[in-house]
Amino acid sequence: DGMGVHTRSEKVMKSRTGVMEFLLTNHPLDCPVCDKAGECELQDYNYEYGPGTSNFKEEKRVFEEATTKKLSDFVTLNMNRCVHCERCVRFTDDVTKTNDLVMLNRGWHKELSATTEEGLTNDYQGCLTDFCPVGALTWNDFRFKKRSWFLDRKASICDGCSKNCNIEAHSDADVVYRYIPKFNEMVNGHWMCDSGRNLFQ
């Protein structure tokens with residue numbers, strides 16, 4: 001009781017700047033062509049806390065064969081953007097319980113991979129692309145279609161089944177480009193299935 005927590009002190013800001021510098025050590029500067037631009041948590045945090053310069057002098061880690069690796073018909077992985085947060089791995093372990101994804105190796109060689117040759121098999125693959133914070137996982141149908149800041153966002157209901165998941169319909173000039181889930185703790189939580197996500201087509 002009575003404890004005071006300072007979140008904007010000089011020490012805290014310096015620490016956050018250091019963490020951001022580590023996260024950006026291997027992350028490519030491809031924001032102009034990344035589908036996550038405008039919705040990227042790494043961009044937001046770097047704008048608020050990031051260093052103006054970097055002390056990193058070495059070459060960035062590059063996965064030559066993994067820039068556009070298909071994990072399924074719905075999802076593409078660009079491993080060079082991955083910051084190893086492992087949200088996707090925890091999602092397939094704890095939410096879908098399909099254990100579709102795993103991080104292989106350690107350190108410099110750490111790499112996201114599907115656990116089977118079939119790749120992703122769960123029915124909630126689009127959710128992976130929603131909460132991936134850096135655009136390492138992208139939804140194939142939306143890739144290179146539209147920048148997020150051009151989209152008009154309208155709350156709606158998915159009519160794919162009787163569950164009636166809460167969603168947002170994203171459109172521009174009366175053309176719908178995607179559906180994403182809208183949080184409702186009593187109905188669908190944070191998620192929506194892939195069949196519902198594709199209904200607008």
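Predicted model: local features only at pLDDT ≥ 70, side-chain atom pairs only at ≥ 80, totals over all residues.
**Entry 1**

I found an open sheet of 3 strands, in the order E1-E2-E5, with antiparallel pairing. The edge strands are E1 (69-70) and E5 (137-139), and each of these pairs on one side only. I noted for my own reference that strands of a sheet pair through backbone hydrogen bonds, either parallel or antiparallel.

I then turned to the pairing of strand E2, residues 75-77, with E5, which is antiparallel and runs over 3 bridges. Which residue of E5 is the bridge partner of Thr-76? I recorded Thr-138 as that partner.

**Entry 1: the cavity**

I searched the whole structure for cavities of 30 Å³ or more, and the search gave 1. The space in the largest cavity comes to about 100 Å³. I listed 17 residues in its lining, and those nearest the centre are Cys-82, Cys-85, Cys-88, Cys-132 and Leu-137. Helix H3 (87-94) and helix H4 (125-131) are the elements that give two or more residues to this lining. Sorted by class, the lining of the largest cavity holds 14 nonpolar residues, 1 polar residue and 2 charged residues.

I next examined the largest pocket, which contains about 300 Å³ of space. Its lining consists of 18 residues, and Lys-36, Glu-39, Thr-129, Asp-130 and Arg-178 are the closest to its centre. Which elements each supply at least two residues of this lining? I noted H4, E5 and strand E8 (175-181). By class, I recorded 8 nonpolar, 2 polar and 8 charged residues in the lining of the largest pocket.

**Entry 2: the cysteines**

I checked the cysteines for disulfides. A disulfide is a covalent bond between the sulfur atoms of two cysteines. The cut-off I applied to a pair of cysteine sulfur atoms is 2.5 Å, and the count by this rule is 0 disulfides. For Cys-40, which is in no disulfide, the nearest cysteine sulfur belongs to Cys-34 and lies 6.3 Å away. Is Cys-40 buried or exposed? I recorded Cys-40 as buried, because its relative accessible area is 6%, and buried means under 20%.

Methods. Residues numbered from 1 in each chain as written. Heavy atoms only, no water. Buried < 20%, exposed > 50% of the residue type's maximum accessible area, 1.4 Å probe, protein only. 1 Å grid on protein atoms, 1.4 Å probe; cavity = no way out; pocket = protein on both sides within 12 Å on 5 of 7 lines; lining within 4 Å. Points joined across faces, edges and corners; volume = space filled by probe spheres on them. Helix = DSSP H or I, 4+ residues; strand = E, 2+ residues; numbered from the N terminus. Nonpolar A, V, L, I, M, F, W, Y, C, P; charged D, E, K, R; others polar. Pairing = 2+ DSSP bridges.
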